[in-house]
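Please look over the sequence and the model first.

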Protein chains: 2
Amino acid sequence: MSIAATLPAAAISLERFIRDTIPLARQIDVHLRAWRDDALVLAAPLAPNVNDKGCAFGGSLASVMTLAGWALVELALRQRGFDCDVFVAHSELRYLAPVWADFEALATLAPEQDWDSFIATLRERGRARIQVHCRVPAVEGDAATLEARFVAKRRDS
Amino acid sequence: MSIAATLPAAAISLERFIRDTIPLARQIDVHLRAWRDDALVLAAPLAPNVNDKGCAFGGSLASVMTLAGWALVELALRQRGFDCDVFVAHSELRYLAPVWADFEALATLAPEQDWDSFIATLRERGRARIQVHCRVPAVEGDAATLEARFVAKRRDS
């Protein structure tokens with residue numbers, strides 16, 4: 001994914017916010033690796049995220065993918081000057097192959113979703129929903145995928 | 001749920017196994033509260049599982065519900081003398097209400113699922129799948145639900 005190697009201040013600030021306010025994110029040891037307006041990458045090491053079989057725990061994969069989607073939406077809103085509560089409402093996860101190494105989760109807007117209509121609804125109703133896709137790439141194909149719906153509610157409305 | 005207050009040795013042993021082999025489960029601080037052959041309850045305190053809004057992090061709810069389902073299947077297999085790798089293959093989660101306190105996840109077999117046919121397939125093919133439902137009860141209704149498919153593969157086949 002072609003994203004600037006140097007993270008913008010907004011992304012660095014969000015990474016710190018995640019690690020400071022969500023204890024489990026710090027335990028998972030997530031780092032924000034890359035970001036542009038419609039895509040975001042979180043990375044996590046395997047060691048704190050192993051299961052009884054020595055590969056990545058399903059709960060860790062679910063957490064990192066959900067966080068990546070949440071961070072994508074949160075950052076888009078912050079960049080546009082919105083102060084919102086963003087939360088996951090629904091998600092569907094596929095665990096396709098075991099993950100035996102450090103891993104990354106790449107979140108993007110789902111097809112046919114765009115920030116403009118999301119923001120327009122948010123302005124109009126104080127609340128809006130958006131679909132996000134996320135995947136943990138493997139050597140071939142994906143090791144896991146998530147399709148999730150996030151809801152944003154304006155704090156100031 | 002009417003389950004004996006004293007956990008059988010198999011359940012105590014599985015709780016220890018989960019906390020010893022899955023670092024994130026220890027961080028989440030899950031405890032096995034109750035178990036019978038077709039239902040299992042895991043509990044977790046809110047403190048290590050909060051998000052930026054002060055309620056339960058979606059990744060924690062996903063992890064505890066997935067672990068509860070996994071533990072239900074793992075215990076059923078251990079009780080029947082099977083040595084299997086059990087892993088989650090697919091899950092659908094609904095986040096219905098924020099969780100502001102310590103919480104529990106109750107896992108049960110999905111309707112029309114039974115251990116007998118699961119075990120029969122496992123004996124025949126060395127591999128079988130089963131559907132599990134899980135919910136985090138709220139004061140009214142559920143705060144979150146999970147429908148998941150787990151796969152068991154015999155290690156000795």
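The sections below treat the basis of the model, the fold of one chain, and the interface between two chains.

## Basis of the model

This is a predicted model, in which local features need pLDDT of at least 70, side-chain atom pairs count only at pLDDT 80 or more, and totals for chains, interfaces and linings use all residues. Residues are numbered from 1 along each chain as its sequence is written, chains are lettered from A and ligands numbered from 1 in the order in which they are written, and side-chain values use heavy atoms, with hydrogens and water left out.

## Chain A

Chain A contains 4 helices and 6 strands, where helices (H or I, at least four residues) and strands (E, at least two) are DSSP runs numbered from the N terminus. Read from the N terminus, the order of its elements is α-α-β-β-α-β-β-α-β-β.

The radius of gyration of chain A, taken over C-alpha atoms, is 15 Å, close to the 15 Å that the globule rule (2.2 Å times the number of residues to the power 0.38) gives for 157 residues, so chain A is as compact as a globular protein of that length. Along the principal axes, its C-alpha atoms fill a box of roughly 50 × 30 × 30 Å.

## The interface of chains A and B

Contact (heavy atoms within 4.5 Å) involves 32 residues from chain A and 32 residues from chain B. About 2700 Å² is buried between the chains, with carbon and sulfur atoms giving 63%; buried area is the accessible area (1.4 Å probe) that two parts lose on being put together, summed over both. There are 11 residue pairs in polar contact across the interface, both residues at pLDDT 80 or more. A polar contact is a pair of N or O atoms within 3.5 Å; within protein, one must be able to donate a hydrogen and the other to accept it, and residues adjacent in sequence count only if both atoms are side-chain atoms.

## Strand pairing

Strand β3 (residues 84-95) of chain A runs antiparallel to β3(B), and 5 bridges join them; strands pair if DSSP finds at least two bridges between them. Glu92(A) has Glu92(B) as its bridge partner in β3(B).
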